[in-house]
Amino acid sequence: MPELTPQDETACIEFLRDLVRTPSLSGGEEAVAARVAEEMRCAGFEQVSTDAAGNVIGRLGSGGGSRLLFNAHMDTVGLGNLAAWRRDPLGAEVEDGVLYGRGACDTKAALAAMITSARLLARGAKTLKGELIMAAVVQEEPCEGMAMRAIVEEGGLWPSFVVLGEPTDLQVAVGQRGRTELRVVTEGRACHASAPELGDNALVAAARVVFGVELLASQLAEDPVLGKGSIAVTGIHCTAGSRNMIPDSCELIIDRRLTMGETRERALAEIRQIMERERVKGTVAVADYAHTTYTGYVSRGQEYYPPWLMAGDAPLVKGVVKALERALGQRPRTKVWRFSTDGTYTRGTAGIPTVGFGPGEERHAHTVEEQVRVADVLAAVEGYAQIARELLGRR
């Protein structure tokens, strides 16, 4: 198996540093997308294109047989409080073998490693039996799965297998809880705050819902692998004509994490039961989203992202574990993510066999200490190349 040369290693890490130094908030990935397309061509992808949504897609292989898709997102969350960072969040500083910066592990390290792996695959004497598709996607952070839906349903690129580049500490992720965002609006009757008995306070009604949500949290279903569902009120907003009026409307935002067997219909029913029990007038619905990408593509839908889980003996899981054992010299563990990923569409909605493998630790994502070990990025390059050989084979 061709190994990484010192030149490959340098190119990979310098590419990763370029990615981290380039801001790419969701909806603003254009500069990173241009750099990704350039690097894909240099790495040996035979076709490189950008779709209507702004996803950059590279293709390598015969186009016959199985189709393996590597997925990593180009967007990042914001920097937050700059004073909390000990290092420049866009500096891509390397210290004691660790690279720091926003997006370092979520998921620019995987993006760099996946693209660099094509150098090894293109260099081989034999071509892949199937096709490798590299999808560098947009807007995963606010709306996981949206970009993959565009690639699969609108672009017609239906893969046989998907490997997600979210951080796994070089282990194999086989699932995640899902999530839905619920919007509760309580109804009241406005009056002057000096005579509250003349009105019906929508904020008080909302408080009764919040109390009911806290009680519900301990009663949610639990899966032996994915764990327990969770629920939290994450936003509240009231409307009133002034600050000395009783509010006639109050909105709550509820983050509901769904374990296996839980659905949006179940989540809605639970909140309706609370409202009925507490005699709260109002409505509850799954929140809607509308996101515009840097290309002007508009995606709309509901904030619902189903859970998913691959069986430990699934052919994809066994194949990836075998490939990584060969590439890394030790057998990786299987795990599940606590956060949500594009797998909510690929596996949860479309039913495509999906696993995750990536450098970096989940605990560092979205923090002011976001980081990735350089050695792990280079190990991931070898891992991705071996996964492609294992799943697609060589002619």
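In the predicted model, helix 1 (residues 6–21) packs against helix 9 (residues 374–392) at an angle of about 115°. The two axes lie 11 Å apart. The crossing of helix 1 and helix 9 is right-handed. Helix 1 contributes Glu9, Cys12, Ile13 and Leu16 to the contact. Helix 9 contributes Val374, Val377, Leu378 and Val381. By class, seven of the contact residues are nonpolar and one is charged. No polar residue takes part in this contact of helix 1 with helix 9.

Strand pairing was examined next. Strand 13 (residues 249–258) pairs with strand 9 (residues 178–187). This pairing is antiparallel and extends over 10 bridges. Within it, Arg179 has Arg257 of strand 13 as its bridge partner. Strand 13 is also joined to strand 12 (residues 230–239). Here nine bridges are found, and the two strands again run antiparallel. In this case Ile236 is bridged to Leu252 of strand 13.

The peptide bond from Asp106 to Thr107 is cis. Its omega is near -10°. Thr107 is placed in helix 3 (residues 104–123).

For Gln139, phi is about 50°. Gln139 sits in the loop between strand 6 (131–137) and helix 4 (146–154). The relative accessibility of Gln139 is 3%. Buried means under 20%, so Gln139 counts as buried. For Arg279, phi is positive at about 55°. Arg279 is also a loop residue, found between helix 6 (264–277) and strand 14 (282–286). The relative accessibility of Arg279 is 77%. Exposed means over 50%, so Arg279 counts as exposed.

Methods. Residues numbered from 1 in each chain as written. Predicted model: local features only at pLDDT ≥ 70, side-chain atom pairs only at ≥ 80, totals over all residues. Heavy atoms only, no water. Axes fitted to C-alpha atoms, helices over the stretch in contact; angles between N-to-C directions. Helix = DSSP H or I, 4+ residues; strand = E, 2+ residues; numbered from the N terminus. Left-handed = near helix turned anticlockwise from the far one by under 90°. Contact = heavy atoms within 4.5 Å. Nonpolar A, V, L, I, M, F, W, Y, C, P; charged D, E, K, R; others polar. Buried < 20%, exposed > 50% of the residue type's maximum accessible area, 1.4 Å probe, protein only. Pairing = 2+ DSSP bridges.
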